[in-house]
Every structure is written in structure tokens, then in C-alpha cells.
Amino acid sequence: MRIEYDIKLGFKDVMIRPKRSTLKSRSEVSLEREFKFLHSPFSWTGIPIMAANMDTVGTFEMAKALSKKQLFTAIHKHYSIADWNTFSSNLPEGIENYIAVSTGISEKDSEHLASVFKFNPYLKFICVDVANGYSEHFADFVKQTRDQYSDKVIIAGNVVTGEMVEELLLSGADIVKVGIGPGSVCTTRIKTGVGYPQLSAIIECADAAHGLSGQIISDGGCATPGDIAKAFGAGADFVMLGGMLAGHTESGGELIEKHGKPYRKFYGMSSTTAMEKHVGGVADYRASEGKTVEVPFKGDVDNTLQDILGGLRSTCTYVGAQRLKELTKRTTFIRVNEQENRVYTN
């Protein structure tokens, strides 16, 4: 046993200090980024915000809506081959640049991934997703996937430490997903005691990834547009959202009515709800590590995207970053005990 005494920080522990700026308007800010990847020959241009590969968020409908604004969607892994074929029959132009095919690491998952690419060879991104990215088997699966799909962009995760980011990049990943336990419907930290405050995880993992010319995704913990700005300021290349994109027309999850108002169900992918839906229940050797909640229905996702993108542009103007790429260089975090005045809250 050992103890690390360095303080680790989450989004709620800091704010971004404003700086003098030559920008006259938020309209002068460009949120578009261009990335080249460590292994894949493909280059990507867009706004690096992603919908999470949860079946209540990473839907085909969400992908169509987000791709119009050059945002990304990691499609959840529970769509059938027939679902993929139906989706592929009427795709908006260029959407293949803004979606990833998600997979687990079982033999069945591998076969399903191969079938998706057999019928949809134009797809460019793979998201290899497990809750615990620290197993040797996971790194081996990433290696096998790189050998099998040498030209694809491979996303792999989740981890929260620099050494494992390096391991996955060297195993064949282009982008590493960072985050254990910060999600709004994740109970891993409660059930296991395992986790890492998200802001510190981003800072440490980004440093490791960028040293090898890789990228990271901050996955989880963002409750407001300001949190997204903090993630980018800390060095994240992409930011993945779950709860902030739940509850929309384009989201998954059962639509229900309570007290005369519409809600959508939103749940973690390790929750009892998800496991009963996809694998027949919670296995007797494990515990549920997710919540099921009811999110007030928010309508079309475009309104939420405007709020997110507008807030991010505003952050850039406060620190003088004309491009999103410049935000981390212009960011100074200050430690705080409070974030907002909560006299009037819903």
C-alpha cells in the first residue's frame, strides 16, 4: 500500500482566469480542429466534441444531427447488422468522418465489428470500449485490432494514468479515452472506491499522449458548457458527452410521462437496466455500476449544441484564444471553493 499526497482536481475545483484579449466578438472564434493520427493515415477536421457510445446517447439519429455541425458520435455497440445496413442506405454526405463503430473485446464483439466493416468499408473510426482499460487482454485486443484494421482510426479506453495511455498508443491506438467514474450515471467510484478526478486525469494523460503524438478524449464529468471548456483548457483533444446529450429527440431511452411532463430514461452502460436489456441481467459475479434516471425531455439537440458551442466560444474570448487549439496555451486555472451564486436555482 502507498499514498500519493499530491492533490488531484475535478472540474468543480477550478475556474479559468480571464486574460486580456484582442478579440472583438465570439464570432471571431473558430472551434474547428484538424488532427493527424499516430497510426492511421487519415486526417480529421471538425469540432472535437463527441456523443458517448451509450445506447441512450450514441444513436444513429444523434450522429445525423451532430455531423451537420461537424461534431462526432461514437455509435453504441448494440445496433444489429440490419440496423447498420438500414442506416447506411441513406447517409448524409461526409457523415463517415464523424462516426465511430464501437466494440467490446469479446470474440462475439470482434465478429460483429468485422461484419459492420464488411458491409460498410468506408467507415473510418473504431471505438474499443471497456470500463477498465488496465487489463493485459485489453492492450492485446487493441494490437489485434490495429493489425486487422491498419488504416482505421482506433479509439481505446478507458484509463486515467499516463503510463497506460502510453501503453495503449504503443499497442496501436490513435486516441485514448480518459475517465473512470466521473459520469453522471456511473457508480464505479461508489461501488469500487476506484477513480481519478477528471481534470487531473486529463492534464496527466494529455501530457503522456502528446509526447507520443497521440490524442486523448476526456470522457465523463461535464455537466455544463464551462466544464467542457475546462477539459479543453486542461489539454483534452476531444471531449465526450453523455448526460448533456441525453433526453433529446435524437437520444435513445424510453420516453415516459410523469406529472404531465415528458421524460427520457438515461442509464449507465454498466447499470442493471443496461445489463437486463442487452445481456439478460447482472451476472452473479458482479455488481451494477450505473444509475438509471429520468431526464426531462429537452426537444431537439440543436438548442443544446448552440448553448455548448456558444459557451465554448465565449470562454475563448475571455482568454484571447482565436482558435480552440490555442485554448490550453491561454488557460490558467485558479483553485476555488465556489463556482456560482446559487440563490436562484431550479
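His259 lies in the loop between strand S12 (255-258) and strand S13 (261-267), where helices (H or I, at least four residues) and strands (E, at least two) are DSSP runs numbered from the N terminus. The phi angle of His259 is near 55°, a positive value in a residue other than glycine. With a relative accessibility of 76%, His259 counts as exposed, given that buried means under 20% relative accessible area, exposed over 50%, and partly exposed in between (1.4 Å probe, protein chains only). The model is predicted, and local features need pLDDT of at least 70, side-chain atom pairs count only at pLDDT 80 or more, and totals for chains, interfaces and linings use all residues. Residues are numbered from 1 along each chain as its sequence is written, and side-chain values use heavy atoms, with hydrogens and water left out.

A positive phi, of about 65°, is also found at Gln70, which is not a glycine. Gln70 belongs to the loop between helix H1 (60-67) and strand S5 (72-75), and its relative accessibility of 27% places Gln70 in the partly exposed class.

Helix H4 (residues 136-148) has 13 residues, which at 1.5 Å a residue should span 18 Å, and the distance of 19 Å between its end C-alpha atoms agrees with this; the expected span is 1.5 Å times one less than the number of residues. Within H4, the residues Phe138, Ala139, Phe141, Val142, Thr145 and Arg146 are buried. Seen down the helix axis, the buried residues of H4 fall within an arc of 155°, so they line one face of the helix, the arc being that of the directions from the helix axis to the C-beta atoms. An α-helix has 3.6 residues a turn, so residues three or four places apart point the same way. Glu136 and Asp147, on the other side of H4, are exposed. The cover over the buried residues of H4 includes strand S6 (99-103), helix H3 (107-119), strand S7 (125-129), strand S8 (153-159) and helix H5 (162-171), where contact means heavy atoms within 4.5 Å. Strand S8 also holds Asn158, which is joined to Gly157 by a cis peptide bond with an omega of about 20°.
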